[in-house]
Amino acid sequence: MKIKRIEPWIFLFFGAFHLHRIWGLFDRQSYAAFWLGIMSDKGPLYFLLMGILSALCIAGIVIFLTNLHANPWWRWIYPLCGGYLLFDLFAIATGWSFWHSIIESMFDISVPHWNMIWGGFVLLGCASALLGMTLLRQRAISKG
């Protein structure tokens with residue numbers, strides 16, 4: 001099984017993206033205001049992030065599909081999580097009111113389960129970053 005050059009970087013990027021949510025555990029108000037502002041303004045940062053996230057998800061799904069009969073366990077993350085994220089990005093971009101209300105409830109700083117929601121994303125970021133580092137190391141060893 002060959003690890004493609006981009007694969008560790010996909011997981012490292014998503015790891016960093018989710019790990020930044022530590023900010024939300026320390027400062028709910030500014031974190032929620034920042035992200036709700038990004039999503040409502042739809043400025044350059046919004047489109048940059050949407051583009052990068054979408055491109056990485058699509059790249060992962062393409063890698064998964066081109067290696068359909070030889071995928072290690074971690075490549076299943078591409079169609080499952082990447083597919084979900086593409087749906088999420090599409091729903092945000094098109095302004096689905098149902099999805100918007102879900103996102104607004106996620107950013108409600110008064111809910112008692114705030115730390116559980118955003119802490120879960122931080123743990124997801126840790127797992128993704130560790131997987132990315134592991135793949136980077138394995139790729140380097142295999143190139144030897």
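## Packing of α3 and α7

Helices α3 and α7 pack at an angle of about 65 degrees, with their axes 13 Å apart. Axes here are lines fitted to C-alpha atoms, for helices over the stretch in contact, and angles run from 0 to 180 degrees between N-to-C directions. The crossing of α3 and α7 is left-handed (the near helix is turned anticlockwise from the far one by less than a right angle).

On the α3 side the contact involves Arg28, Tyr31 and Ala32, and on the α7 side Trp114, Asn115 and Trp118; contact means heavy atoms within 4.5 Å. These residues divide into 4 nonpolar, 1 polar and 1 charged. Ala, Val, Leu, Ile, Met, Phe, Trp, Tyr, Cys and Pro count as nonpolar, Asp, Glu, Lys and Arg as charged, and the others, Gly among them, as polar.

## Model and overall make-up

This is a predicted model, in which local features need pLDDT of at least 70 and side-chain atom pairs count only at pLDDT 80 or more, while totals for chains, interfaces and linings use all residues. Residues are numbered from 1 along each chain as its sequence is written, and side-chain values use heavy atoms, with hydrogens and water left out.

The protein chain has 7 helices and 0 strands. Both are DSSP runs numbered from the N terminus: helices are H or I of at least four residues, strands E of at least two. The C-alpha trace of the protein chain spans about 50 × 30 × 25 Å along its principal axes.

## Packing of α1 and α5

Helix α1 (residues 7-19) and helix α5 (residues 77-94) have axes that come within 13 Å and cross at roughly 45 degrees. The crossing of α1 and α5 is left-handed. Glu7, Ile10, Phe11 and Phe14 of α1 meet Ile77, Tyr78 and Leu85 of α5. By class, this contact has 6 nonpolar, no polar and 1 charged residues.

## The largest pocket

The largest pocket holds about 850 Å³ of space. On a 1 Å grid over the protein atoms alone, a pocket is an open set of points where a 1.4 Å probe fits, with protein on both sides within 12 Å along at least five of seven lines; lining residues have an atom within 4 Å of a point. The volume is the space filled by probe spheres set on the points, which are joined across faces, edges and corners.

Of the 37 lining residues, Phe17, His18, Arg21, Leu85 and Phe121 are the closest to the centre of the pocket. Helix α5 gives the largest share of the lining, 9 residues. By class, the lining has 31 nonpolar, 4 polar and 2 charged residues.
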